[in-house]
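Here is a short report on helix packing and aromatic contacts. Please keep the sequence and the 3D view open while reading.

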Amino acid sequence: MELNLTGPVLGVASLFIMGVYYPVVIWGEYWFSERIWPLFLLAGAALIGTSLFLSGTACYLTAFTGAVNLWAIAEIKEQTRRVRDGKYPRNPRRRYDRY
């Protein structure tokens, strides 16, 4: 019997990618506020577009990373709300808070 490891590899890689992006969202909101969302949009669109030209596991991981970038846009908005509610620290050096 031959084992297919594609599923477990994709599952572990997906968990890793999501785990990496959550601190990136927090860091991005802290230093750049929610104005960083266009960067996530461009990265997501570029990665999803790139996945159209790949095959196999690389295609899936690239598309998933692009989708996570699009998820990060909504998460940036949520992080802004969490900062406003006092659950995360504000950046004291930021000049133009919209809170």
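The model is predicted.

**Annotated spans**

An unreviewed UniProt entry places the feature "transmembrane region" at residues 7–27 and 39–72. Residues 7–27 are 100% helix and 0% strand. The end C-alpha atoms of residues 7–27 are 31 Å apart. Residues 39–72 are 85% helix and 0% strand. Here the end C-alpha atoms lie 10 Å apart.

**Helix pair**

Two packed helices are described by the angle between their axes and the distance between the axes. Helix α1 covers residues 6–32, and helix α3 covers residues 57–84. Their axes come within 8 Å and cross at roughly 30°. The crossing of α1 and α3 is right-handed. The contact of α1 with α3 comprises 16 nonpolar, seven polar and three charged residues.

**Aromatic pairs**

How many aromatic pairs does the structure hold? It holds two. The values for each pair are tabulated here.

| Pair | Ring centres | Ring planes |
|---|---|---|
| Tryptophan 27 and phenylalanine 32 | 5.7 Å apart | at 75° |
| Tyrosine 30 and tryptophan 31 | 5.1 Å apart | at 85° |

Planes over 60 degrees apart count as edge-to-face. The planes of tryptophan 27 and phenylalanine 32 are at 75°, so this pair is edge-to-face. Tyrosine 30 and tryptophan 31 have their planes at 85°, so this pair is edge-to-face.

Tyrosine 30 is partly exposed at 24%. Tryptophan 31 is partly exposed at 38%.

Definitions and conventions. Residues numbered from 1 in each chain as written. Predicted model: local features only at pLDDT ≥ 70, side-chain atom pairs only at ≥ 80, totals over all residues. Heavy atoms only, no water. UniProt positions renumbered as here; feature names shortened; annotations may be inferred. Helix = DSSP H or I, 4+ residues; strand = E, 2+ residues; numbered from the N terminus. Axes fitted to C-alpha atoms, helices over the stretch in contact; angles between N-to-C directions. Left-handed = near helix turned anticlockwise from the far one by under 90°. Nonpolar A, V, L, I, M, F, W, Y, C, P; charged D, E, K, R; others polar. Phe/Tyr/Trp six-rings, centres within 6.5 Å; stacked < 30°, edge-to-face > 60°. Buried < 20%, exposed > 50% of the residue type's maximum accessible area, 1.4 Å probe, protein only.
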